[in-house]
Amino acid sequence: MAGDLQAKYSKLAQEYSKLRAQNQVLKKAVVDEQASSTALKDQVKQREQSLRKAEQEMDSLSFRNQQLTRRVELLQEELSVGEARGGGRKTKGKGDSPSQQGQTQSVFDEDLQKKIEENERLHIQFYEAGEQHRHQLAQLEALVEELQQERERAEAQLEGLSARCALGEDRLAQETARLELRAHNLEREARECRARAEECQQQLSGCQVELSRQVQENSSVIQEKVPFNDTQYHHFNSLNVPPHNRRHQLKARDVAGQALLLVKDLVAALLNFHSYTEQRLHIYPLDSSIQPISPLNQRFSLYLHENAAYVRPLEDGLLQLHHSITEDTVTVLETVGKLKEFADHFSSYTHFLQKILPYQLKSLQEECEVSLCPPALSSKNQDLQRDLTRVTAIFLKLQSYITLLALPSQREQAVPQSSCSAAFTQLAAALHSLHDALQELSQHYSQKASLEEGLPSVSQKLRTTSECLLSSLSSLTITSSKVATFFSNNLDFFTASPGYGPKGGACTLSPLQAESMLGNKRRAAAYMLTIRKPRPESVPYKEALSNRHILTSSTESREGLTQQVHQGQEKIARLEQEKEHWLLEAQLGRVRLEKENQRISELQAQLCSALGGPASGPPGTPGLGRQEEEEQEEKGAGREATLSTSLQVGMLTTTPINDEVGDEASREQLIKSHYMVRVSELTSQLQLSDSKAVHLHAECRALAKRLAIAEKTREALAEEVRLANQNITRLQDELSTTKRSYEEQLSMMSDHLCSMNETLSKQREEIDTLKLGNKGSTKKNKGR
């Protein structure tokens with residue numbers, strides 16, 4: 001607290017010193033402005049003096065000009081008078097020579113011309129001096145106004161600064177008083193803190209003593225009870241459950257989600273680029289609708305048509321990788337098994353790029369070999385060849401780094417941690433190189449498209465396809481830039497240690513150890529859940545004593561009843577055995593009866609054959625109807641049921657009493673018979689309950705099995721539904737891409753048909769005009 005107050009006080013003192021320095025600077029600026037204002041006033045006075053001098057000179061010049069104009073007028077009057085006199089003397093004498101008159105006239109003309117020129121020059125100087133005077137006067141007035149405004153602003157700033165300084169001084173005084181009060185409070189709190197610190201020191205010493213005692217006890221327990229320390233051995237220590245870093249898991253899932261969005265954009269851009277490249281092959285240099293394209297371009301188009309099979313799995317692989325990262329898993333390179341699938345998909349795409357690269361280069365070379373291809377376009381095609389080769393090489397480099405990062409999840413200690421960090425760094429550099437290469441490719445292709453627009457043989461369909469291809473390249477460049485920036489921003493997260501690993505060791509996890517460790521983690525979590533279950537409530541002691549007395553008092557009756565039940569169960573078992581015996585006897589009798597009936601039927605058939613006619617069989621023979629046989633079977637079953645019932649209860653029934661027996665014997669016999677009947681009823685109820693319980697148990701087991709089968713079926717169906725949804729989305733994307741490409745092709749074909757119709761109409765008009773011309777010429781020839 002005291003440090004904060006001192007910092008605030010020092011900050012306020014710095015602000016006050018800063019304001020004082022600004023006040024001095026502003027005062028100096030005001031003084032400078034006043035000096036400059038006085039200097040400008042002196043300049044204005046000097047200019048006014050020079051202006052007055054110029055006005056005096058102008059007045060003198062105007063006076064001299066007036067004198068000269070008067071003299072010129074007098075000379076003109078004298079000249080006119082002399083001419084008048086000379087005209088009267090022409091008739092008198094011819095004493096004056098014409099040379100003298102010409103010289104006089106020339107002298108007057110020269111003098112007059114000089115005066116006129118001097119007058120014009122004076123007028124010009126006068127006008128220029130007036131204009132210059134007005135211009136200087138306007139400048140000086142504007143300068144004076146500007147200086148006055150600056151002076152007013154400086155005075156206003158000075159007043160504001162002085163007011164701020166006064167307010168600052170007041171605030172500083174208040175702050176100083178408050179800080180002094182707070183300093184006193186802090187001193188008192190510091191004394192209290194020192195007292196509490198001494199108490200804490202005493203408690204700390206007590207805690208240290210207690211902890212040392214516990215450490216000694218625990219160490220003795222470990223030495224005596226623990227058979228071995230698993231942290232000393234790598235193979236055992238790697239199976240220990242590491243501490244769960246939930247923040248790292250959330251960050252990994254977030255990073256995987258961002259990467260999935262960027263890869264989706266990259267996949268869409270790559271699909272558009274390959275599709276529009278295939279579409280361009282069918283338009284330039286040969287239009288497939290007019291004449292077949294070259295076999296090379298046909299094979300290249302066939303390969304490009306399969307691009308979705310190589311590009312789509314990139315998105316699916318990264319989606320599975322994103323789903324595999326959850327909050328409960330441990331995400332390191334040794335446990336991310338889905339990265340290998342993504343690396344395989346990326347490797348297949350790079351093989352696809354290697355496969356189509358020679359065809360791309362040959363196709364560009366064919367475009368250069370076209371007769372209408374200018375040298376500038378050929379040079380751009382060569383630049384594109386270099387750019388495509390560079391892009392393929394960078395994709396190969398990315399494949400090698402991704403495959404290297406996927407190795408730790410397949411083999412133990414395949415790549416050390418330092419090499420993984422270097423691989424991540426090189427992968428980020430390769431992504432930036434890919435962005436630069438794609439940017440150069442887009443620039444060169446844009447220049448090529450602008451050059452192709454100037455060619456006379458380029459159709460509107462090719463222009464449209466080139467624009468679509470340029471847009472796909474620009475989106476590919478932007479997406480690659482986003483991917484490179486994203487990877488560079490998260491490079492610290494990729495190269496940093498995740499914090500997972502065995503306790504007491506710096507070794508990394510192998511794939512098998514990571515799987516075992518995750519199993520141990522799940523079992524530990526289940527064990528913690530089981531031990532955290534609440535304990536059942538215990539019975540109070542008094543209630544337990546009363547229950548014990550009740551149980552001890554009813555022990556004899558319980559034992560008697562148990563013995564009776566045991567005897568009843570033995571009787572029931574014996575009766576069951578007898579029942580099974582009689583059932584077997586009944587089955588044997590039924591078999592014998594069937595054999596006898598069959599023998600009788602055979603004898604009857606032989607008798608009928610011997611007598612030569614049908615004969616009716618005796619009752620009980622096979623000639624009886626089906627209904628009678630069923631009645632006999634029901635009667636036999638009823639007899640068997642009666643027999644079994646009599647066997648079950650017959651041992652419990654007694655003979656009826658005689659009239660000669662006395663009352664006591666008869667009452668005893670009645671009670672005995674009543675209890676015997678009651679015991680038989682309870683025995684039958686017990687048998688019924690046991691049968692129902694066995695039936696219910698079997699039914700529950702069957703229902704549990706059916707439920708397990710239904711769960712497995714549901715999971716299989718859910719997986720099938722997920723795969724079907726993925727296929728549907730993939731097919732919808734392919735359908736939309738195909739539909740869009742077909743629509744663009746149809747639009748270009750319609751534009752091409754319109755242009756062809758226009759050319760055909762023009763050709764028809766030319767043919768019609770030629771026919772009309774031929775008809776006119778034939779008519780003229782016939783007329784001649």
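Close-up 1. Glu210 counts as partly exposed at 33% relative accessibility, where partly exposed lies between buried, under 20% relative accessible area, and exposed, over 50% (1.4 Å probe, protein chains only). Arg213 is likewise partly exposed, with a relative accessible area of 36%. The side chains of Glu210 and Arg213 meet in a salt bridge at 2.0 Å, N to O, a salt bridge being a side-chain nitrogen of Lys or Arg within 4 Å of a carboxyl oxygen of Asp or Glu. Both residues belong to helix α2 (residues 98-225), where they sit three residues apart, about one turn of the helix; helices are DSSP runs (H or I) of at least four residues, and strands are runs (E) of at least two, numbered from the N terminus. This is a predicted model, in which local features need pLDDT of at least 70 and side-chain atom pairs count only at pLDDT 80 or more, while totals for chains, interfaces and linings use all residues. Residues are numbered from 1 along each chain as its sequence is written, and side-chain values use heavy atoms, with hydrogens and water left out.

Close-up 2. The side chains of Lys448 and Glu367 meet in a salt bridge at 2.7 Å, N to O. This pair links distant parts of the chain, with Lys448 in helix α9 (residues 417-453) and Glu367 in helix α7, 81 residues apart.

Close-up 3. The side chains of Arg390 and Glu440 form a salt bridge at 3.0 Å, N to O. Because Arg390 lies in helix α8 (residues 375-406) and Glu440 in helix α9, the pair ties together parts that are 50 residues apart in sequence. Arg390 is partly exposed, with a relative accessible area of 31%, and Glu440 is partly exposed as well, with a value of 32%.

**Close-up 4. The crossing of helices α5 and α7.** The axes of helix α5 (residues 295-304) and helix α7 (residues 338-368) come within 10 Å and cross at roughly 145°, the axes being lines fitted to C-alpha atoms over the stretch in contact, with angles from 0 to 180 degrees between N-to-C directions. Residues of α5 that meet α7 include Phe300 and Tyr303, and among their partners in α7 are Phe352 and Tyr359; contact means heavy atoms within 4.5 Å.
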